[in-house]
Amino acid sequence: MFDVIIAGCGPTGAMLAAELRLHNVRVLVLEKETEPKSFVRIVGLHIRSLELMAMRGLLDRILPHGRQRPAGGFFAAIPKPAPKDLNSSYAYLLGIPQPVIERLLEEHAIELGAQVRRGCAVADFEQDDEGVTVELADGEQLRSRYLVGCDGGRSTVRKLLGVGFPGEPSRTETLMGEMEVGVPQEEITAKMTEIREIHKPFWLRPFGEGVYSVVVPAAGVGDRAEPPILEDFKQQLRTIAGTDFGVHSPRWMSRFGDATRLAERYRVGRVLLAGDAAHIHPPIGGQGLNLGVQDAFNLGWKLAAQIRGRAPETLLDTYQAERHPVAEDVLDNTRAQTELLSAEPGPQAVRRLLTELMDFDEVNRHLIEKITAIGIRYDFGEGPDLLGRRLHDIDVKQGRLYGLLHRGRGLLLDRTERLTVGGWSDRVDYLADATAVLDVPCVLLRPDGHVAWIGDDQQDLDDHLSRWFGKPAN
Ligand SMILES: Cc1cc2nc3c(=O)[nH]c(=O)nc-3n(C[C@H](O)[C@H](O)[C@H](O)COP(=O)(O)OP(=O)(O)OC[C@H]3O[C@@H](n4cnc5c(N)ncnc54)[C@H](O)[C@@H]3O)c2cc1C
């Protein structure tokens, strides 16, 4: 009997397993594939995900495997640098091969005590009042108290649950890859300027060390059922640009569509959905993996509290209440970005207008905060603007704030130095620090780093500790 079975050991499943293990939850991750993914697609980790990694002490392990790029140019690839003061110590993009981040997260989960079984596909399940019986493809049955489907866009768990996945089917397909070129950069820049006036869903951008990121429409090339080959890229480049720029030595190549869908519910009884199993959208802006990892971060501590019998009654349902609107917003921004990449004159005019508007700092900042997920504010009721937002990594007298969050516990940061976490000290840490750079007296942070309470009154604090962390210990 496990506490939680997770279907799928992609980035979402691995992150969730690690978060649950911080609270000693017995976790089994079932992964259909016998071997880790072999493709080498580079994904971008955005600011909020980097912050989460820092909050769990993982960032130092991840950074050497990636390449840091300045933040900016994210929204529909409009080339505007980010505002200088982005209010984060991690205001950059980390490009990293997806299999590497998956391996690091899986290793982290295993080090914390999660069990991962590869070559085990979840084929069926049945839930009752006490738990879930999970059936594998070979007929083996396993039992757990909860099941979480982190099994990707074609999620078996979501389908078996009968949860609707409304949205739009894929209309356009695109080829994306990274490869070397055989011509000088100046030649590429000149051609690009000329061509991008007409063909927006096309780019050829340097990614460092002579490698270029290449995006071309997929229409009319290759067999959709087969992975793309270098010749497909060459053919499309010749059609668009009259030259294939001598592309060669591909690092990875991929074909993707623009299907956009969102699960109607994230929870049915003892079964939950997270990551691509709950939402799919085009990769423009590089948000999918980030969104899934952040789902896991939101869900982990809540599900752990539920399992340990300490969760306030409605806590687990705040997962859907908080994360569903975030996914809705990401889907919408990818719809908008997709339109802005259209070659039609109308969308191109809107793109030109938006490019002008992004010269206004507020507009640029709004779009960057959206894509990087640092602008998220959960609805915790009325209160100062900081309530419901994440707190960035401020200096505190013991060092950096995020260094105090590695164990996935709550934290009261008390500038008045006279409050207490009392009977919640088994799950909430306390830091008295009158010097902390905050313009409010005290903040209560949830394990995911979001501000759950602001104030200076002990009774009010106790009410909020109960709201988020359940009954105090005797
Ligand atoms: C071209 C391209 C570029 C992208 N670039 C970015 C980017 O820059 N930034 C970004 O954030 N995102 C990017 N994404 C999106 C990102 O790859 C996905 O959002 C991310 O992989 C989702 O993670 P996940 O763990 O939810 O699902 P997945 O990665 O799909 O993992 C699901 C896992 O579940 C397993 N599984 C499936 N069925 C079962 C079953 N029945 N039982 C057990 N296991 C099962 C699968 O084998 C898989 O390992 C990109 C996507 C594409 C196509």
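Five elements each supply at least two residues of the shell around the ligand: α1 (11-21), β2 (27-31), β3 (42-45), β14 (248-256) and α8 (288-307). Of these, α8 gives the most, with 3 residues. The model is predicted, and the values below are computed from it.

**The ligand and its shell**

The shell has 31 residues, and E31, R41, Q98, L289 and N290 come nearest to the ligand. Sorted by class, 13 residues of the shell are polar, 11 are nonpolar and 7 are charged.

| Residue | Part of the residue | Distance to a ligand oxygen atom |
|---|---|---|
| P11 | polar backbone atom | 3.3 Å |
| E31 | polar side-chain atom | 2.6 Å |
| N290 | N or O atom in the side chain | 2.7 Å |

On its own, the ligand has 1,000 Å² of accessible area, and the protein covers 88% of it.

**A sheet of 3 strands**

The strands β10, β15 and β18 form an open sheet in that order, with antiparallel pairing. The edges are β10 (167-168) and β18 (279-280), each of which pairs on one side only. Between β10 and β15 (residues 260-262) there are 2 bridges, and these two strands run antiparallel. In this pairing, G167 stands opposite R261 of β15.

**A covered helix**

Helix α2 (residues 47-55) is mostly covered, with 9 of its 9 residues buried. After α2 comes G57, which has a positive phi near 70 degrees.

For A76 the angle is near 50 degrees, and for A373 it is about 70 degrees. A76 lies in the loop between β4 (67-70) and β5 (92-97), whereas A373 is found in the loop between α11 (361-372) and β19 (395-396). Are these residues buried or exposed? A76 has a relative accessible area of 0%, so it is buried. A373 has a value of 12%; residues under 20% count as buried, so A373 is buried too.

**Aromatic pairs**

How many aromatic pairs does the structure hold? There are 5 aromatic pairs. One of them is Y90 with Y402, a stacked pair with 6.2 Å from centre to centre and 10 degrees between the planes. This pair links distant parts of the chain, 312 residues apart: Y90 is in the loop between β4 and β5, and Y402 is in the loop between β20 (399-400) and β21 (410-414). Both Y90 and Y402 are buried.

Why is the pair of Y266 and Y319 called tilted? The ring centres of Y266 and Y319 are 5.5 Å apart and the planes stand at 45 degrees, so the pair is tilted. Planes under 30 degrees apart would count as stacked, and planes over 60 degrees apart as edge-to-face. Here too, distant parts of the chain are linked: Y266 is in the loop between β15 and β16 (267-268), and Y319 is in helix α9 (residues 317-340), 53 residues apart. Y266 and Y319 are both buried.

Finally, Y378, F380 and W468 form one aromatic cluster.

Methods
Residues numbered from 1 in each chain as written. Predicted model: local features only at pLDDT ≥ 70, side-chain atom pairs only at ≥ 80, totals over all residues. Heavy atoms only, no water. Helix = DSSP H or I, 4+ residues; strand = E, 2+ residues; numbered from the N terminus. Buried < 20%, exposed > 50% of the residue type's maximum accessible area, 1.4 Å probe, protein only. Near = heavy atom within 4 Å. Polar contact = N/O pair within 3.5 Å; in protein donor to acceptor, adjacent residues only side chain to side chain. Areas by Shrake-Rupley, 256 points an atom, 1.4 Å probe, with all protein chains shown as cover. Nonpolar A, V, L, I, M, F, W, Y, C, P; charged D, E, K, R; others polar. Pairing = 2+ DSSP bridges. Phe/Tyr/Trp six-rings, centres within 6.5 Å; stacked < 30°, edge-to-face > 60°.
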